[in-house]
Protein chains: 4
Amino acid sequence: MFQEGDWILVRYLDKKYLKRLELKQSLNVKKNTLKFSEVIGKPDGIKIGKFEVFKPTLEEIIVLGFERKTQIIYPKDAFYIAFKLGLSKEKRVLEFGTGSGALCAVLSQLAGEVYTYEAVERFYNTARKNLERFNLGKNVKFHNLDFSEVEVEKGFFDAAFVDVREPTPYLRKLHTSLKEGAPVGFLLPTSNQVVELLKNTEGLFGNVEVLEILTRYYKTVPERFRPEDTMVGHTAYLLFCRKVIS
Amino acid sequence: MFQEGDWILVRYLDKKYLKRLELKQSLNVKKNTLKFSEVIGKPDGIKIGKFEVFKPTLEEIIVLGFERKTQIIYPKDAFYIAFKLGLSKEKRVLEFGTGSGALCAVLSQLAGEVYTYEAVERFYNTARKNLERFNLGKNVKFHNLDFSEVEVEKGFFDAAFVDVREPTPYLRKLHTSLKEGAPVGFLLPTSNQVVELLKNTEGLFGNVEVLEILTRYYKTVPERFRPEDTMVGHTAYLLFCRKVIS
Amino acid sequence: MFQEGDWILVRYLDKKYLKRLELKQSLNVKKNTLKFSEVIGKPDGIKIGKFEVFKPTLEEIIVLGFERKTQIIYPKDAFYIAFKLGLSKEKRVLEFGTGSGALCAVLSQLAGEVYTYEAVERFYNTARKNLERFNLGKNVKFHNLDFSEVEVEKGFFDAAFVDVREPTPYLRKLHTSLKEGAPVGFLLPTSNQVVELLKNTEGLFGNVEVLEILTRYYKTVPERFRPEDTMVGHTAYLLFCRKVIS
Amino acid sequence: MFQEGDWILVRYLDKKYLKRLELKQSLNVKKNTLKFSEVIGKPDGIKIGKFEVFKPTLEEIIVLGFERKTQIIYPKDAFYIAFKLGLSKEKRVLEFGTGSGALCAVLSQLAGEVYTYEAVERFYNTARKNLERFNLGKNVKFHNLDFSEVEVEKGFFDAAFVDVREPTPYLRKLHTSLKEGAPVGFLLPTSNQVVELLKNTEGLFGNVEVLEILTRYYKTVPERFRPEDTMVGHTAYLLFCRKVIS
């Protein structure tokens, strides 16, 4: 049952809205009004007129609810990353930088513990606030530090994800901080960054893969089934590898 | 440390092999030999000559290790599905049909319990064997039943995934078996199936989305960074929705 | 040399403008001004401050200059179509409907003669005006007729392109109007239309191919080479075939 | 009417064959035989049993008939290039290197004259032979020279296309050889090559665009309409620009 103060996801035709359920508020879309007082006490999935009201999913929270001080990691990428890192409730994962916290929120669902590091104070604050606001990330340890400043135990982490402009200077320390064979992912917006990183993984990381994930959405009118007119053309290249030793 | 009987993932240049670590076996690639006796006792991520040896990831197990009696659900799709269904360790998820068990293996990482139903006996047997062989899916309950034959408690499942040729006849029963607002996914290889399903969700399921996920892999030579010559062009359309009530 | 009254394409950073070169006009972009009086008498490709000025290409004319009463056929599609139809200066090509005239303009470059038919009068007028305005399509014969109303000589056309909502009713007449083995193309925005047409080509048209063309643009900053953030997700499905006889 | 010695394109279900029509030959596909003696004297588009027989198109000739000493330029790219270069029967276009001659064959359809240069003798010979064999490229002037060796008249060419590993050393000479504002295209397989070229166009070429063209083919069974399982993932990046002067 929806209660006052809950976050709700409202769908009206092909539009989506993420709102806090305040007793006196309402949502107006093209002369149609959804009074929030009518939603309170109703079950998840209630249809009121042309409005459908749901408890928001993690994806909807990240895309529609997170404040962005940096480019967020898209759910399509974050979901893939979380599984590629081989996470489970017994695993401890390292992330730097935290950015707006989108990947944190996803990693925390699959991992036991997430240690995340962010050098820029206002990003660190935004990420914390984003997760707190939606009651996410109980197993996330936030740090307002550059990873180069961190005192790290040898072989402490089971996996890692790196989202910084220039990952190369961190590679040796990253290697040390990881368990043997640990999976590592990198998010890199430009091809130049990929080229630079590929030149520097030799001897430290193996089983290298680089890929992009593209999602193609379709219009949902059954009589005219076709892809959407526009699509996201690029978010980032993803590079995955494993710690190696000779 | 690798032990006899372990599964190993061997990477040699851009090729990958999934093998059981048998003392007297070896892997020969273009005049290079990896003797498995030299791998035993070595750590994950060991590099021996041009061979890199790793504990395989879930993705590598599914793609290289699963026996396929049916088209498997690709990891790119399975990872996305698992998160879109909003799973966590407190959630109970329904799947039908089981197919070769690839999605089962992924759902079981994120969900509390997976109930899976498969009408065809040899698919059911293959899926069970696939998961057992790689020690996966402890929280999966396999059933050799068509979902239409299942006695289902009202509002029992938190989420569902459907991979059958014609989902329409199952929609009412599926609706009944789900909690309010529960997320549901469908895998549909052809556009005709999507059109047919879109015509029949009205009144039962809302917040409908249809998409495809495409992965584009790149060659990892830094001096010649470019996409691979060929790519997977299509696996399936994914349709996601939520149970609604009026 | 640019003369008063010429069409010019002005590029400023990553933006493009198609303008008529009027003596007293100017173009203002972010506090930078290009006075058109300074362009007159200058050569194609002149750089004035941050502005580059060119004679516009056919692609730029279609995309930036054509008035659109209908969805235009994109140059990426039109260029491919023109060659797939096997056109050359000895060939006579049929088109219906004309739409906004974008494909006409492209076909007319490669073909000897273009016969185009458009049932809707305001589309017919717009298409004529679009081509006249840019001095294109001297070899195009415009008709304000539905193709069903046309008196057609048997085996008159070397090739044809069809862009109407429901092509099926026209197929027999189209077949008759074509030379033996003639290539035919269809533009179809939705998958439902493709399915419908595929059901009806049997016995009339063979060597059927269906495809989409996607263009992926890149940012041109060499230090940060990467795809554009958004891309055109879909324009239309293209179906190509050849007239067959048994 | 098909005559002995003609090239024919045979389609059998979803397979295509390009063959020379020899009286005593036949084509066998899965226990079905097409006797070529039965094709002679028949019209283009004849259906004989499950075989469809056509005069091959330029695309089919290039893809199925050209001998390849180098990677050919795909029709999808070649068709787009030809139009982007603004060619017509009054225009003279420069190409280097010739490669296997695929682009030559396409340019020659739209341009007045094609001047093509190839430094490697066996590529030069193959390209000539490819065009002769299919009676293409009457307006193509082949040269077995590196473009650096060519004596070039200032402002001689209306457009140019460059397909060599390192275009940078040729840029000044290319610029000189072109008319004012002339369009130029480059084919570049790797992102590194694009980055290198983008760094060197400044001051010589403007209105720069970089793109890839992707074609997505569909299965043509109307009851199961869906994309093909695999697709071409990458052929090359295309860079287009225009000669500028300050």
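**Reading salt bridges, interfaces and cysteines**

Guide: Let's jump in at Arg92(D), which is partly exposed with 25% relative accessibility. For that label, buried means under 20% relative accessible area, exposed means over 50%, and partly exposed is what falls in between (1.4 Å probe, protein chains only). Keep in mind that this is a predicted model: local features need pLDDT of at least 70 and side-chain atom pairs count only at pLDDT 80 or more, while totals for chains, interfaces and linings use all residues. As for bookkeeping, residues run from 1 along each chain as its sequence is written, chains are lettered from A and ligands numbered from 1 in written order, and side-chain values use heavy atoms, with hydrogens and water left out.

Visitor: Which residue does Arg92(D) meet in a salt bridge?

Guide: A salt bridge here is a side-chain nitrogen of Lys or Arg within 4 Å of a carboxyl oxygen of Asp or Glu. The partner of Arg92(D) is Glu113(D), at 3.5 Å from N to O. This pair ties together distant parts of the chain, 21 residues apart, with Arg92(D) in strand 7 (92-96) and Glu113(D) in strand 8 (113-117) of chain D. Strands like these are DSSP runs of E with at least two residues, helices are runs of H or I with at least four, and both are numbered from the N terminus. Glu113(D) is partly exposed too, with a relative accessible area of 27%. Salt bridges can also share partners: Lys16(A), Glu59(A), Glu60(A), Lys84(B) and Glu209(B) are joined that way into one network.

Visitor: How many salt bridges does the structure hold over all chains?

Guide: The total comes to 61. One of them is Lys16(C) with Glu209(D), 2.7 Å from N to O. That pair crosses between chains, from strand 2 (15-20) of chain C to strand 12 (205-218) of chain D. Lys16(C) is partly exposed at 24%, whereas Glu209(D) is buried at 12%.

Visitor: And what about Arg242(C) and Asp44(D)?

Guide: They form a salt bridge as well, with the closest N and O atoms 3.3 Å apart. Here the link goes from strand 14 (237-243) of chain C to the loop between strand 4 (32-35) and strand 5 (46-48) of chain D. Arg242(C) counts as buried because its relative accessible area is 6%, and Asp44(D) is buried at 15%.

Visitor: On to interfaces. How many residues does the contact take from chain A and from chain B?

Guide: Contact means heavy atoms within 4.5 Å, and by that rule 58 residues of chain A and 58 of chain B take part. Buried area is the accessible area (1.4 Å probe) that two parts lose on being put together, summed over both. For chain A and chain B it is about 5300 Å², with carbon and sulfur atoms giving 61%. On the chain A side, Phe83(A), Asn207(A) and Phe225(A) lose the most area, together 13% of what that side buries. Six salt bridges span this interface, including Asp44(A) with Arg242(B) at 3.3 Å, N to O.

Visitor: Which strand gives the most to the side of chain A that touches chain B?

Guide: Strand 12 (205-218) of chain A does, with 13 residues. By class, that side has 28 nonpolar, 11 polar and 19 charged residues. In this scheme Ala, Val, Leu, Ile, Met, Phe, Trp, Tyr, Cys and Pro are nonpolar, Asp, Glu, Lys and Arg are charged, and the others, Gly among them, are polar.

Visitor: What area is buried between chain C and chain B?

Guide: About 300 Å², of which carbon and sulfur atoms give 36%. Ser191(C), Val195(C) and Arg216(C) supply 68% of the area chain C buries there, more than any other three residues. Five residues of chain C are in contact with five of chain B, and zero salt bridges join this pair of chains.

Visitor: Last one: how many disulfides are there over all chains?

Guide: In general, a disulfide is a covalent bond between the sulfur atoms of two cysteines. The working rule is a pair of cysteine sulfur atoms within 2.5 Å, and the count over all chains is zero. Take Cys241(C): the nearest cysteine sulfur, from Cys104(C), is 20 Å away. Cys241(C) is buried, with 3% relative accessibility. Cys104(D) is in no disulfide either, its nearest cysteine sulfur being that of Cys241(D), 20 Å away. Cys104(D) is buried at 0%.
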